[in-house]
Amino acid sequence: MGEENEAGDVASSADAAVTITGVTKRFGDVVAVDNVNLEIADGEFFAMLGPSGCGKTTTLRMIAGLEFPTEGSLKIFGDEVGTLPPNKRPVNTVFQNYALFPHMNVLDNVAFGLKMQGASKSEAASAASEMISLVQLGGMEKRKPSQLSGGQQQRVALARALVNKPKVLLLDEPLGALDLKLRQEMQTELKSLQRELGVSFVFVTHDQEEALTMSDRIAVMHEGKLLQVGSAEELYDRPVNRFVADFIGQTNLIDATVADADMIVLANGTKIMAPNPHLAGTKVAMSLRPESISIGASDDIPEEFQATSLQGEVSNVVYLGHSHVYTVEVDWMPLEVRTNATPTSQVYKPGSQVAIWWDRRSDWVVPDEGFSS
Amino acid sequence: MTTVLATPELEATNERQKRRRGFFLALPAYIYLSLFFALPLLIVVVYSFATRTRSGGTALEEWNLESYRKLGEPIVTDILLRSLTLAIITTVICLVLAYPFSYFLATRRELTRNIMLVFVMIPFWSNFLVRNYAWRVLLGNDGPVSQLTEGIGLGETTILFTPTAIVLGLVYGFLPFMILPMYAAIERMDWSLLEASRDLGASGFQTFRKVTFPLSLPGVIAGSILVFIPSLGAYVTPQILGGGKKTMLGSYIVTQFLTARNWPVGAAVSTVLMFVMLMATLIYFRKGGRTL
């Protein structure tokens, strides 16, 4: 299976904010999290990405102490916390539905954590007001959560967690309930807040775009397993398997068989140049991003791309202003091709016979087993 | 069919029609309640200001506060104090018993929950009077409870016809009224709030004090009122289990109306009782209703 994750590649574990080693979580017969190994560095903006039910939220809740692992070790800055209750951990959470206390006003909500830790009333109140202004809610201290908009509630939840100066801030789908424009605004704000505070943010999302734009590193999970950890570029350009290739961004996944270290054979027998580490005869999929493909007249393929080209027919074209998105039918499947649209660019109408080609460094061969989408 | 464009005027007419339709639907209940509830209530209040005639009748012509003045006499204040004490003790015991039970109930699976709720309500299926006589047998000198305490060497139980028996009976009778609203309040609580509290550093006990309890307060207040009010005016239980030895408010009122034939005093006590209950209800809406 192509799921060797890159857990070992973050400095040494003493510096790591969170170290998860061999953690499994079962609910009855259901394995929610399956032998996950993960290190999150101090000061990192880290995303856990995956479809619903993939185990990302359970993993986050285990870091928070709201669930305990069935097996494995969980450390925060080197201290084992596996079965420590949440109030004994140096982490705080921004909950998905914010979980603001409805019977307290904004100030009391934000001051809650400090008071619980024994701060005096006035200390707690002044630290809370400061944090409330930091999230730009100054003047709203006396309001009840029900009198705030979704975006404002989100900020209160953020302030309520951050005021405790957690060593790691956990965010569970923090932007899920907001509308698009607000979400984009909050993305930028969260990112700059994280940079300003220098604290690790670990956030869970099912939105790959959100993960790509905000995070230093992303962990992709599926069916309880950690598939890949890496930067946005690594995940996008070098996915470890079919699932990651398909889940991150848009791609064409073309079934093929390995011929040798440089060649693969497609379903219709076409040989394509594609350097790969797999044994001859292995079933693979070639991931080809729509924007990496060029389109042109059938007999117009540049010399150097002859070994990485296909013939096909345009079946559909969509104009998006900055680009044209073509659906090109090759023998056995449709492929998506995206080209920059300029006033001088040639447009191919549906029905046109075309050639498509790409740089051989831009295709990427992934093992086909397991995670089909 | 033609489409009618909704103009503001049309909408206003619709609104009016809707309101009128609602009124007609509610009319039977309006009439019933005014005739058989509001009117008798008014009569009670009016009578409380009237005078008892020598022959035991009621003279409505002479309005005065004589009956209310009578409430200040030691006999009546004693009864009032005793009733208040027993009602408060009953309410507190119900509260202490019902809270953990309701919490437990609210955290069960739905099936378990429903079965347990049915068990809570089963006593209502038999007559209240009959159940009180059953308690009399239970607590009697030769009853099972007495036999048990004698058997284990604690001696005879002699609580029948004491205030303890009254409280036992009242707790038994009104406990479901405490459990149901409490359960409803706890059940609809957002459990992620408790997680948030723990996450923010609160211990289990702090979470209960600062989050769980305040959020269940509407249920606690509603339950307390539902237990306190009928306990205060209880008649059947004090009569049967208290043996009518030490009179409580309910018995006193009955005596005033039926035996002493002093309707104005009976009416005055009833009016005061209603006033206390009204106050309790108002407190509920001020304190508890706000967080609902």
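I call a residue buried when its relative accessible area is under 20%, exposed when over 50% and partly exposed in between (1.4 Å probe, protein chains only). The model is predicted, so I keep local features at pLDDT of at least 70 and side-chain atom pairs at pLDDT 80 or more, while totals for chains, interfaces and linings use all residues. Residues are numbered from 1 along each chain as its sequence is written, and chains are lettered from A in the order in which they are written.

**Entry 1: chain B overall**

I looked up burial. Of the 292 residues in chain B, 36% are buried.

I looked up the elements, which are DSSP runs numbered from the N terminus (helices H or I, at least four residues; strands E, at least two). Chain B has 12 helices and two strands. Its radius of gyration, taken over C-alpha atoms, is 25 Å. I noted a C-alpha span of about 75 × 60 × 40 Å along the principal axes.

**Entry 2: H4(B) against H7(B)**

How do helix H4 (residues 110-121) and helix H7 (residues 163-187) of chain B pack? Their angle is about 155 degrees, and their axes lie 10 Å apart. That makes H4(B) roughly antiparallel to H7(B), a term for angles over 145 degrees.

I then listed the contacts (heavy atoms within 4.5 Å). From H4(B) come Arg113(B), Leu117(B), Val120(B) and Met121(B). They meet Pro176(B), Ile179(B), Leu180(B), Tyr183(B) and Glu187(B) in H7(B).

Technical notes
Side-chain values use heavy atoms; hydrogens and water are left out. Axes are lines fitted to C-alpha atoms, for helices over the stretch in contact, and angles run from 0 to 180 degrees between N-to-C directions. Angles under 35 degrees count as roughly parallel, over 145 as roughly antiparallel, 65 to 115 as roughly perpendicular and the rest as oblique. The radius of gyration is taken over C-alpha atoms; the globule rule is 2.2 Å times the number of residues to the power 0.38.
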